Amino acid sequence: MPGKYKFSDMINNAVLRSCVSVLRHPGIFCRYQKDYWSYRRKNAALFAPDPSREEKSGKVIFIGIHNSIPSAKEEGIYSRILNMHGCTPVCLVSRGSPLVKYYKLYGVKNYEIFEDLTDRFDLTPFVAEMEMVLAEKPSYRDLIYYLYRGVHIGRHVLSWMSRVLHQGTVTLETKPVMKMFQRFFPEALRNVHAAEALYEKYRPSAVMFNEHGYTPFGEFFDVSHLRKQNTILWTASHRDD
């Protein structure tokens, strides 16, 4: 950490507070703090406000619930360029996300909290929907092709479980796997309604994604497509510089 930054400044930093809860290892924690201050210092000219901008070309939503700092840096650049052309960037982020501090460097002022958005919808009916699905004793193929309001819920949930469990094909025969499915499936159903509410509120001219194949990203991606919005998928770099 550069000597001119006091420890008290770090404690008051939103990135630090997020890292305390998510990135508990001291080495990783310090690495991200150093990255933030270094990034802020080296790119000060880029972050300078431009008073001549006029916000008149609609909203662009960034689905920033990935919690990837390298991706947030790229999204910050995109948001800056779009803002200079009259667009208003809106970032969907997780509660306590370490990304907000980076977005703010680029002048992003509008945020939606993912958990606040989903908490508007009671989970009970979605649990009931899951129980109806499981009562039919579905095969893996049945679950993969399960659609809800046109969204590929089964594919997104099983893809995420496959990624977490490091399994090519996920079966629900063991209690831990079934418990995981019972958690993610109703939440994915609820995400569909959260996505619809988000897009209805902002009526975006574009929605930016860097992930689209897993829950919860997939639900927001599919709903955007179903609404025939300008849905843009980009790929993050393999380096953070």
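**Exercise 1.** Find which residues of α8 meet which residues of α11, then describe how the two helices pack.

*Solution.* Start with the contact list, where contact means heavy atoms within 4.5 Å. From α8, grab Phe126, Val127, Glu129, Met130, Val133 and Leu134; they meet Met178, Phe181, Gln182, Phe185, Pro186, Leu189, Arg190 and His193 in α11. Sort these by class and you get 10 nonpolar, 2 polar and 2 charged (nonpolar: Ala, Val, Leu, Ile, Met, Phe, Trp, Tyr, Cys and Pro; charged: Asp, Glu, Lys and Arg; polar: the others, Gly among them).

A quick word on the model: it's predicted, so local features need pLDDT of at least 70 and side-chain atom pairs count only at pLDDT 80 or more, while totals for chains, interfaces and linings use all residues. Residues are numbered from 1 along each chain as its sequence is written, and side-chain values use heavy atoms, leaving out hydrogens and water.

Next, the geometry. α8 covers residues 124-135, α11 covers residues 175-202, and they pack at about 125 degrees with axes 9 Å apart. Helices here are DSSP runs (H or I, at least four residues), numbered from the N terminus; axes are lines fitted to C-alpha atoms over the stretch in contact, with angles from 0 to 180 degrees between N-to-C directions. The pair is therefore oblique (under 35 degrees is roughly parallel, over 145 roughly antiparallel, 65 to 115 roughly perpendicular, the rest oblique).

**Exercise 2.** Work out how α11 packs on α12.

*Solution.* First, the angle is about 50 degrees and the axes are 8 Å apart. That makes α11 oblique to α12. Then list the contact: Ala188, Asn191, Val192, Ala194, Ala195, Glu196, Leu198 and Tyr199 of α11, with Glu219, Phe220, Val223 and Ser224 of α12. By class, that's 8 nonpolar, 2 polar and 2 charged residues.
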